[in-house]
Amino acid sequence: MTINEQQDEIIEEFSQFDDWMDRYQLLIDMGEEQAPLDEADKTDANLIDGCQSRVWIVCQEHEGRLHFKAESDALIVKGIVSLVLKVVNDRQPQEILDADLYFIRQIGLTEHLSPTRSNGLLAMIKQVRMYALAFATRLSR
């Protein structure tokens, strides 16, 4: 499945709900389904700056693809980060760098988040792209 196909699937899933309370519940459910991050990975180096809640993102490269793990101490934020990772996980670095993450706009996520959560979402995406850039640079050598 391509990044855009994954995004379209998310858009379809969210479009089943008209009420934002139901969409928030879907986010919370997605966060709860995510495997917890090892305590050893909850370090300052993996902590995302710019998030009101604490969010950790870890990235490892395996056979040219990036695998992300993340966790947050807030339920909705954990759902948001799991949603982002659902799109970018196990992709080649250049795929992530080239991707337009349009699903965020399409499901209306930025419109329904507080300004601090919107800033946190942008910080998460920035960190994912920074990992992709670092690995793309390393892999191209």
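Guide: The residues that line the largest cavity divide into five nonpolar, four polar and one charged. In this classification Ala, Val, Leu, Ile, Met, Phe, Trp, Tyr, Cys and Pro count as nonpolar, Asp, Glu, Lys and Arg as charged, and the others, Gly among them, as polar. The model is a predicted one, in which local features need pLDDT of at least 70, side-chain atom pairs count only at pLDDT 80 or more, and totals for chains, interfaces and linings use all residues. Residues are numbered from 1 along each chain as its sequence is written, and side-chain values use heavy atoms, with hydrogens and water left out.

Visitor: What volume of space lies in the largest cavity, and which residues line it?

Guide: Rolling a probe the size of a water molecule over the atoms shows where empty space is left. On a 1 Å grid over the protein atoms alone, a cavity is a set of points where a 1.4 Å probe fits but cannot get out, whereas a pocket is an open set with protein on both sides within 12 Å along at least five of seven lines; lining residues have an atom within 4 Å of a point. Grid points are joined across faces, edges and corners, and a volume is the space filled by probe spheres set on the points. Searching the whole structure gives one cavity of 30 Å³ or more, and the largest cavity holds about 60 Å³. Its lining consists of C51, Q52, S53, V77, I80, T116, R117, G120, L121 and M124. Helix α6 (115-139) contributes the largest share, five residues, and α3 also supplies at least two. Helices (H or I, at least four residues) and strands (E, at least two) are DSSP runs, numbered from the N terminus.

Visitor: How many residues line the largest pocket, and which elements supply them?

Guide: The largest pocket contains about 290 Å³ of space. There are 17 lining residues, with M30, E33, Q34, A35 and S82 nearest the centre of the pocket. Eight of the lining residues are nonpolar, four polar and five charged. At least two residues each come from α2 (20-33), β2 (65-72) and α3 (75-88).

Visitor: What span should α2 have, and which of its residues are buried?

Guide: An α-helix has 3.6 residues a turn, so residues three or four places apart point the same way. The buried residues of α2 are W20, R23, Y24, L26, L27, I28, M30 and G31. Their cover includes α1 (3-15) and α3.

Visitor: How many salt bridges are found, and which residues form a network?

Guide: Side chains of opposite charge can pair when their charged atoms come close. A salt bridge is a side-chain nitrogen of Lys or Arg within 4 Å of a carboxyl oxygen of Asp or Glu. The whole structure has eight salt bridges, and E39, K42 and E71 are linked in a network of them. K42 pairs with E39 at 3.2 Å, N to O, and K42 also pairs with E71 at 3.2 Å, N to O. Because K42 lies in the loop between α2 and β1 and E71 in strand β2, the latter pair ties together parts that are 29 residues apart in sequence. E71 is buried at 11% relative accessible area, K42 is partly exposed at 24%, and E39 is exposed at 60%.

Visitor: Where are E63 and D90, and what is the phi of each?

Guide: E63, in the loop between β1 and β2, has a positive phi of about 55° although it is not a glycine. D90, in the loop between α3 and α4 (93-98), has a positive phi of about 60° and is likewise not a glycine. E63 is exposed, with a relative accessible area of 71%, while D90 is partly exposed, with 41%.

Technical notes
Buried means under 20% relative accessible area, exposed over 50%, partly exposed in between (1.4 Å probe, protein chains only). Contact means heavy atoms within 4.5 Å.
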